[in-house]
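Welcome! Have a look at it below, and then we will walk through it together.

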Amino acid sequence: MTDHITQWLEAYHDGELRGARRRRVEDHLAVCAPCRAELEEIRSLSGLLAAAFPEEEFLTADRFAANLALSLPRRPAGPEPRRGFRIAWWLAPAGLLAALVFVDITFSIGTAIAFAADTGLFGGSLEWLQGAPPQMNWFASAVRLFGDRLGTPGVGALAFLNDLNVLITQMARPLMLQALLAFAYLGWLLVWWLNSWEELKN
Amino acid sequence: MIISETVAEAALIEQAQNGDRHAYGELVRRHHAGVIRVVYRMCGDPALAEDAAQDAFIRAWLRLSSFRPGTSLRNWLYRIAVNAALDALRRDRKTADLEVETLSLPDPEQGPEAAVLQREREHAVREAIRTLPEAARSVLVLREYGGLSYKEIAAALDIPLGTVMSRLNYARSRLKERLHPNFTEREDD
């Protein structure tokens, strides 16, 4: 008797096997007495279970339904959502993911182009993209007022802070958008999970 | 279920989902026997089973809007029925005090009355089923008494097919151990 055949005996007994696997089990049973004995045990157990519950006098279906009708509460749930709404609900995560990918790609490409333009990779052809200079007002004022006293290291440090400020300002909007989309997606997952859990409980 | 019955049932479900109590009553009449069969085997007690069945149909009525048309109402009801039966058992404190060590099939040779022995044997089997873990018992009852296929059980309980097989195997192994020795011989009595 092999484990392989043993593990399929219950499925065979329950009528769950088809085709070649069923034939293989039957062929094996024809030559394997221990497996036949085990199958017989499963059948006996099934018979025992079937006989273990004597027929009880339950209410008839009509009587039961009549009694139940008196106990049925008013259903709090509203009508089933319209088909269009259901489709939109299931498409929501796909739409959110697509929006997230779109924002991410356009942001990455935009950043790469801006960086390339700053380094002069495109020469003057992208000047129109650069628009206003990236320096912030506070930086220009500080350099004008204290530039002489700060010296090169001081101005360099201010320039670094300014670049950091510019970078954060430029990134803030797309990052906020990404975070918003991510929260919407996670929110959808949470609602879906809660609904599934509720259904499972009932 | 033949096609015309399936179509008729789909219409009844739609009406019931729109609040038609008469349509729901007809659905209850159609599935009453199956639900009772499952909850009775889950609970092992007729009175408890009646309560659990009523509870199951009330829950189903309240949740009917979440039922997806095109899927099996029977399987959906069985899932609710299994949970209602388990809740009924939890409420029934008597079952918590079950002495599992005392479970064994009485020997027919020792009893004076065959009928008494038969009742004792039935009782032993029912108690053995009741002592199974809930997850394994649910699968066993749906298979042995509900007549559901492995796929239907998987769908009804929302578990993978492999889990159905392993839980069923576990339940049967435990029952064979509990009802040992010689239950096969006693079957021939």
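## Chain B at a glance

Among the contacts in chain B between residues at least 6 apart in sequence, 65% join residues at least 24 apart; two residues are in contact if their C-beta atoms, placed from the backbone, lie within 7 Å. This is a predicted model, in which local features need pLDDT of at least 70 and side-chain atom pairs count only at pLDDT 80 or more, while totals for chains, interfaces and linings use all residues. Residues are numbered from 1 along each chain as its sequence is written, and chains are lettered from A and ligands numbered from 1 in the order in which they are written.

Chain B has 9 helices and 0 strands. Helices (H or I, at least four residues) and strands (E, at least two) are DSSP runs, numbered from the N terminus. Of the 189 residues of chain B, 41% count as buried. A residue is buried if 20 or more other C-beta atoms lie within 10 Å of its own, exposed if 12 or fewer, and partly exposed in between.

## Chain A for comparison

Chain A holds 7 helices and 0 strands. Of its 202 residues, 6% count as buried. In chain A, 61% of the contacts between residues at least 6 apart in sequence join residues at least 24 apart.

## The nonpolar core

The largest nonpolar core has 60 residues. Such a core is a set of buried Ala, Val, Leu, Ile, Met, Phe, Trp, Tyr and Cys residues joined through C-beta atoms within 7 Å. The members that touch the most others are Val38(B), Val39(B), Cys43(B), Ala52(B), Ala56(B), Ala81(B) and Ala85(B). Helix 4 (residues 73-91) of chain B gives the most to this core, with 11 residues.

Leaving aside neighbours within four places in sequence, Val39(B) is in contact with Ala49(B), Ala52(B), Ala53(B), Ala56(B), Ala81(B), Ala84(B) and Ala85(B).

## Two helix pairs

Two packed helices are described by the angle between their axes and the distance between the axes. The axes are lines fitted to C-alpha atoms, for helices over the stretch in contact, and angles run from 0 to 180 degrees between N-to-C directions. Helix 2 (residues 21-43) and helix 3 (residues 46-62) of chain B have axes that come within 8 Å and cross at roughly 135 degrees. These two helices of chain B are therefore oblique to each other; angles under 35 degrees count as roughly parallel, over 145 as roughly antiparallel, 65 to 115 as roughly perpendicular and the rest as oblique. By class, their contact has 15 nonpolar, no polar and no charged residues, where Ala, Val, Leu, Ile, Met, Phe, Trp, Tyr, Cys and Pro count as nonpolar, Asp, Glu, Lys and Arg as charged, and the others, Gly among them, as polar.

Helix 6 and helix 8 of chain B pack at an angle of about 95 degrees, with their axes 8 Å apart. They are therefore roughly perpendicular to each other. The contact of helix 6 with helix 8 of chain B divides into 8 nonpolar, no polar and 3 charged residues.

## Where the chains meet

How many residues does the contact take from each chain? It takes 43 residues from chain B and 36 residues from chain A. Helix 2 of chain B gives the most to the side of chain B that touches chain A, with 9 residues. By class, that side of chain B has 17 nonpolar, 12 polar and 14 charged residues.
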